Amino acid sequence: MADRRDVDALAPQILSYLETHADRAYRAKEVSRALGIKNQGRYQSLLEAFDRLRDTNQVAVLKGGRVQHRGSEHEAVGRLSVTTQGFGFVALDDGTEFFVRPARMGTALHGDRVRVALAAEKRNKPADQKREAEVLEVLERGRSKTVGTFSTTGRSGWVVPDDQRISHDVFVLKDNWNGAQPGDKVVVTIEAFDDPKAAPEGVIVQVLGPAHAPGVDVLALAMALGAPSDFPTEVEAQAQKITPGITKKEVGRRLDLRDAPVFTIDPVDAKDFDDAIHTKDLGGGMTEVGVHIADVSHYVPEGGIIDREAYDRATSTYLVDRVIPMLPEALSNGVCSLRPNEDKLAYSCIMTVDGGGNVHTWEIRETVIHSKQRFAYEEAQAVIDGEKHPMRDEVMRAAELARTLTKKRMAEGAIDFDVPEVRIRLDETGQPVDVYEKPRQEANRLIEEFMLLANRAVAQEASSRQVPFVYRIHDKPDRERIKALADYVKSFGHKLPHTEGLVDRSKLNDLLREVKGTPEAPVIEQAAIRSMSKAVYSPDNIGHYGLGFEHYGHFTSPIRRYPDLIAHRILKRMQDQQDGAIPTEETLATQSDHCSDREREATEAERESIKLKQVEYAAAHLGDEFDGVVVGVTKFGVFVQMTKLLVEGLCHVREMDGYWEYDERRYTLVSKSTGRRIRVGDACRVKIEAAEPETRRVDLAFVDLPGRADEPTKKGGGSKASERQSKRKTRGARRKKR
């Protein structure tokens, strides 16, 4: 047995050594040699000292029993994001990222908040290579459930997660199958995951239905990405109890605007009418603009059962075939919705605007309104285009003002991402029968401009009163991303002037105008959007880069966005119209982060549900040909976006005749025999060879090779057969080298 006094003496010596050599982890024998310990008895004391330091959490324990000094510079806490290839990245709160190999993840799963040990920095590593880390501890599970396909082996059940970022199948005991049948899509909890060599254990809590049943695929996909499904029974029951409550007393304490020419413009299939507008000619070139928003905060008290569920969801999720609402339908489509020909309670921003689009005054008031007309976007557009309507004057006045507001914003530097919306037409079984673009029309811009006007006004009001508020902020784009964007659009023959990644918004607008109507427009527009920072919610106002606004918040959609509901409550309390204290900045920061996270998840679910149906459409058209444009060139193949489907597929280099070399500097594949160069931006025609909806993968083949054939890069370029033989030799050499 080791000498207690020797152990007491060695523990601080070990800590001192580890602190002095904090750039790496050590095994006990290495520390023993460094401390000059040769006696077996003292070595046993050192081992016990190691155990004590581990047990008391004074050192970081890494794989293989190695230990490292637990200094702040060698440990970090962040959120783990796992890729579909299995490796991951831990992002710290300050944006710093560390690379994590699959073997270094322990029991952490995608989305978990983790504590990691940082590996020593490698000398002369490439600038873009991230420092490595190893997960030491899971501090908080990112999710307690996942969605997948159920299967059985004897009395054992397994759920294979749909989210490919979760690399472990979930084991389910037979007592916990809860009616699930093999092939069903299910929701399974993650109850225990303590050993990375074993499977997580869980309980099936919801059966969505057979995997191939209509609508199950979209719902499963959305829930796998974090979207909720049905409301709890008690939340639905509470929502059913709420009545409009538009009494004489309630009307008496509000501004009565029921005689104003109020109308709504929404998608043709919408039921949750958040916003309504009215305009009034005040003479002298001045216009009264009323933006009226559903008064959700009147019906949903803070901290109640409905409010807690709404906060958890934080947003409505708009999938390709359905809406998963933030509020129960009794509220979102009923009591709160600003339906036509009904008295409704609203929270309104009423502004006076001059002929140049400048706002002179505004007031934010609790109101009661009565919408005179519910327009679909198409119906409002028809009126703008000249169709007669009893409310034509009101619509045209609003449209004219909206044109002025757009022109003013563009002149002040706002970026105009006028990207058409991809729509999928489904049959009664949920199968896609058409993929098409829905362009933004003037009626869409009309509503957008009025909402921007109100959102800006309320943010300015909160800022001028110096109260904590939730702003919608948008940071300047990362310089490296702008450089990459400039290089990318250059491949298409376009220019984006910048100074070491600093770009003027007007130059981005010039680029977007230049590509409008070209085959590559959708590709460059999306590339430009990806180069931007992500807009988020925050009480720390840094302005909105994309809009060019110093103050901006979200006020106009409290039925479907929780930050808008927070804003309503703050504004009412600021005006002494509602009981309760204005939240602190710390509280708002927590709420903002949650809402931003949920928004990202909802946006991903929306995007992936559309892509799912795009790939299903492609799977139904195997062998069909489509026009496309080359959007990416790599050493293993060419990515093509099909113009009709607006989805990418890969033409693999192994399926292309001849031997090809990749010119990384020019984003080009070059044929060794013909000199043909395939570049980003080349128009082409492709055939669909394969499509996998589960992975959203599409394989294509060129009908005719894109690009231009030049002189062979070597004399006597050789036959196709010799080129293929050369390729086989090259592959063989690579295998030997490995």
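**Terms and values**

Reader: Why is Leu646 called buried?

Author: Its relative accessible area is 15%. Buried means under 20% relative accessible area, exposed over 50%, and partly exposed in between, with a 1.4 Å probe and protein chains only. Leu646 is therefore buried.

Reader: What kind of model is this, and how are residues and atoms treated?

Author: This is a predicted model, in which local features need pLDDT of at least 70 and side-chain atom pairs count only at pLDDT 80 or more, while totals for chains, interfaces and linings use all residues. Residues are numbered from 1 along each chain as its sequence is written, and side-chain values use heavy atoms, with hydrogens and water left out.

Reader: Where is Leu646 found, and what is its phi?

Author: Leu646 lies in the loop between strand 27 (637-642) and strand 28 (647-652). Its phi is near 55°, a positive value in a residue other than glycine. Strands (E, at least two residues) and helices (H or I, at least four) are DSSP runs numbered from the N terminus; the protein chain has 18 helices and 33 strands.

Reader: What makes Glu500 count as buried or exposed?

Author: Its relative accessibility is 52%, so Glu500 counts as exposed. Glu500 sits in the loop between helix 13 (479-490) and helix 14 (505-515), and its phi, near 50°, is also positive in a residue other than glycine.

Reader: How do you know that the radius of gyration of the protein chain agrees with a compact globule?

Author: The radius is taken over C-alpha atoms, and the globule rule is 2.2 Å times the number of residues to the power 0.38. For 738 residues a compact globule would have a radius near 27 Å; the protein chain has 30 Å, which agrees. Its C-alpha trace spans about 95 × 80 × 60 Å along the principal axes.

Reader: What makes a set of residues a nonpolar core?

Author: The members are buried Ala, Val, Leu, Ile, Met, Phe, Trp, Tyr and Cys residues joined through side-chain atoms within 4.5 Å. The largest core has 81 residues, of which Leu331, Met351, Leu446, Phe450 and Phe555 touch the most other members. Helix 12 (residues 442-465) gives the most to this core, with eleven residues. A second, separate core of 67 residues includes Val216, Val630, Leu669 and Ile678.

Reader: Which residues does Phe555 touch?

Author: Contact means heavy atoms within 4.5 Å. Not counting residues up to four places away in sequence, Phe555 touches Ile293, Tyr347, Cys349 and Ala454, among others.
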